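Biologist: Before we discuss the terms, please show me the model.

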Amino acid sequence: MRDHPRLPTSPGFWRSPLRGTWFTSVLGLVLLAGITVLFVTGLVSYAAYNPGLSRVNDTTPDKGILGFYLFPWPTGPVWLYRFTQGVHVTLGITLVPVLLAKLWSVVPKLFTLPPARSLAHALERISLLLLVGGGLFEFTTGVLNVQLDYVFPGSFYPLHFYGAWVFFAAFVVHAVLKTPKAMRAVRRRLREAEDEDDDLLSPDPAPATVSRRGALWLVGGGSLLLFLTTVGQSLGGPFRRTALLAPHGGTDPNGGPNGFQINKTAAYAGIDAAETGEEAWRLVVTGRTGTVRLSRAQLLQMPLHSSSLPIACVEGWSTADQWWRGVRLRDLAALVGHDGDPPDVFVESVQRHGAFRRAALRSNQVADPRSLLALTVNGEDLSPDHGYPARIIVPAAPGVLNTKWVARLTFGDL
Ligand SMILES: Nc1nc2c(c(=O)[nH]1)N[C@H]1C(S)=C(S)[C@@H](COP(=O)(O)O)O[C@H]1N2
Ligand SMILES: [Mo]
């Protein structure tokens, strides 16, 4: 038996015959495409909260120039956020095996001595620290937010948002430096040519137990498995049952009150049934001409309209379209003096604590005839868990803007 180096700083310590520029390049090119889509859909998701509208919609008020691209979120197509956020979460989870394999494939480089040969080399290694650290941070915070109701200190949103910019800046530098080499490596392989100065090859490889191609199939198989057990949470119907890995999938999609899933229950949100009953509850609507207080019975006397709209959560799950019925937001605006061109609205819930108890909606969302203060869904009264006595439902918006247990609507430009 030959002695193998014991220290990871010596190249001979790393003996997997799988490592090599081609293997790393294939994974790298997959990540180049995938992470670009993640970044764009992530920024889109941030815009969907309408953070520029009001501080209550935004947990990153110090975004500064990072908010340069923000735009008023549209109200159509109705599945818009369902689609962009479904892609973001499903793709992020699907790429986890690729990311891990890519990092594994370059791990010997982490231990290269001397740590820096020159200033340029030092800078490159620092950018790699941001790249690897940022990448692990973004994937970890994202997965934790979806799977575990989040366990990090601080809010998910600012961490994931600022982290994304740091990570993506390092990612762009890395892509500019490495993509040409990766493309060459992939093309060379197609011509069956070896690379003589491949610095990722082990100088002392152990016998192979699986080919590089086989290893890539393994990684791809892992990704496919994650994809197939996740994607159902953003699709409707029978696919939802396949979302075994997703916290809001797997179970009977039509189970629970009103025939669709609940995010936070009334009990969890601390909603007191006495406050939401016929006797006590009044909707307080304020606008240009003053304040109006309406009981649920009075709301039911107003012109009622129907909208088929989904709920699409930032966590990636969404419902198929549900059949909502209630009063148009623009009709409520008209009631307090905003005829024709309705302004923004500030929505407050009966709920006393929690970040989602209030939200601001932009004038385009108020004006859309599909935007409702819903009183019933799928032909029944809203269940307590889905927001009885009344909740907001707005087309194309993230679920968080669909405030449940609404107590107060204040119309006016924000
Ligand atoms: N008052 C209040 N409204 C709320 C929330 C909340 O926690 N409190 N959660 C929001 C989020 S994040 C989502 S995804 C939807 C979920 O609606 P559902 O539980 O009816 O499916 O409600 C939204 N409305
Ligand atoms: Mo949500």
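**Terms and values**

Modeller: Proline 77 sits in the loop between helix 1 (21–48) and helix 2 (80–94); helices are DSSP runs of H or I with at least four residues, strands are runs of E with at least two, and both are numbered from the N terminus. This is a predicted model, in which local features need pLDDT of at least 70, side-chain atom pairs count only at pLDDT 80 or more, and totals for chains, interfaces and linings use all residues. Residues are numbered from 1 along each chain as its sequence is written, and side-chain values use heavy atoms, without hydrogens and water.

Biologist: What is the peptide bond from glycine 76 to proline 77, cis or trans?

Modeller: That bond is cis, with omega near -5°. Most peptide bonds are trans.

Biologist: Why is asparagine 50 called buried?

Modeller: Buried means under 20% relative accessible area, exposed over 50%, and partly exposed in between (1.4 Å probe, protein chains only). Asparagine 50 has 0% relative accessibility, and therefore counts as buried. Asparagine 50 also lies in the loop between helix 1 and helix 2, and its phi is near 50°, a positive value in a residue other than glycine.

Biologist: Why is tryptophan 405 called buried?

Modeller: Its relative accessible area is 3%, which is under 20%, so tryptophan 405 is buried. Tryptophan 405 has a positive phi of about 55° although it is not a glycine.

Biologist: What makes leucine 136 partly exposed?

Modeller: Leucine 136 has a relative accessible area of 36%, between 20% and 50%, so the term is partly exposed. This leucine 136 lies in helix 5 (residues 119–147).

How values were computed: Chains are lettered from A and ligands numbered from 1 in the order in which they are written.
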